[in-house]
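Reader: I would like a close look at a single part of this model. Please take me through one pairing of side chains, step by step.

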Amino acid sequence: VFAEIVIAPEAAQERFRQTAGKERRESCMMLSCRDLDILRLLRWCRMIRSKELCEAFSKDEVMNLSAAQMIRFSDAARAWLLTPCGNRVLGSAGVVLPPATAPTYREPDIMRRLRLAQIVTTAYAAGVNIFLTKESELQSQPSLFLPFLHRNRGSNPWGSTRVAALLYTGDLMCAIHWVSPNIGCVALTDELTAFQNHTAAIPAKQRAMIFAASSYEETLFELDTGQANQNTRLQSYREVYDCLKLPLFLLPCNETGCLQLRILGVSNYRELLAKIILKSKYVPPPENRPVYDALYQGVPFVMAADMDLRRIDAVVEAARSDGLSQIALAALPEQVEVVLNRRYRETGKARVFTITESALRELLESTAPYAPPDLPFYTSEGSVLDVPPLKAP
């Protein structure tokens, strides 16, 4: 062996280079589709808390990207952020991206970003396409667009409006607002004008508004305790709830909210779910009562999983005018326990039923949240995305 090295040093060095190169390639980190989605979510949201990130992905996946220095945990924001390395990796992936921005550490900005991340991760788990960079892409369904991506870029087409996201399901075009305790007031006329102007070119059967928060309790607390505002231009969300002419849904950013969004994404979901739930006992609503979803044992039936409480109240009033003291409701378990029992069953306004898992599977095929495939990510050229070995902390 010694003689070979002495006589043919170039050949020995070449063999060493080949072997070392192979070891280097094997030690590279090959990004999976799941890894790339973590990076993209952080690019769109700017920052995401561990709770939301580790509910959508495993803790090991998050820590691997952290060890590779593509993401980092910020103690100031108490959330995960992209690093310059993570942004460079995304830039080489060949996917369309929103502009990269420097992280902000102002408390109000952090709070807004973390609230937005709750909406985005809930929509992501529901299988909604959240990786959009302009409103016109909302015509792929179901999809979510974040107006703040256009803010602070020379011009601000959304002005000072408070819409957090736009949701498109095919049938519905929804403006999502975050409504939690002490959230403040809103200029409803400006909100509706901007909403209409920015979505006018997108076909939808109906426009609606969604009040989102971490839980139903947070939104209802604001709606039940919010005071009327004396300013003639600004209104509290309680006043918006009372006067808005569009349909209005309440949405929690959790597993129930994920299922709720999936139901909203099904065309004609109310009639379909009513038929699935009632089966042979399903009776179509009377022609003069289109607000009913069906009749069940002679009383109005409402599929309430979309959490349009004002619609439920309208059905209660219509039933009373028809001489009926009660209606029937069906909703998801958390909706029944947290909201509907207290507001309708305990007050004698309705019989409240829980939608079964089998009924949901019949409508949705699967009730499991969306999970990206655990496969290598391939660029548009068909190559994998290898990340060179980095010095891990």
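Author: The side chains of Lys51 and Glu55 form a salt bridge, with 3.1 Å from N to O. A salt bridge here is a side-chain nitrogen of Lys or Arg within 4 Å of a carboxyl oxygen of Asp or Glu. Side chains of opposite charge can pair when their charged atoms come close.

This is a predicted model: local features need pLDDT of at least 70, side-chain atom pairs count only at pLDDT 80 or more, and totals for chains, interfaces and linings use all residues. Residues are numbered from 1 along each chain as its sequence is written, and side-chain values use heavy atoms, with hydrogens and water left out.

Both partners sit in helix H4, residues 50-56. Lys51 and Glu55 are four residues apart, about one turn of the helix. Helices are DSSP runs (H or I, at least four residues), numbered from the N terminus.

Now the surface. Lys51 is partly exposed, at 47% relative accessibility. Glu55 is exposed, at 56%. The cut-offs are these: buried is under 20% relative accessible area, exposed is over 50%, and partly exposed lies in between (1.4 Å probe, protein chains only).

The whole structure holds 15 salt bridges. One of them joins Arg320 and Glu317, at 3.5 Å from N to O. Those two are three residues apart in helix H13, so about one helical turn separates them. Arg320 is partly exposed at 45%, and Glu317 is partly exposed at 49%. Elsewhere, shared partners link Arg106, Asp109 and Arg112 into one salt-bridge network. Asp109 is buried, at 13%.
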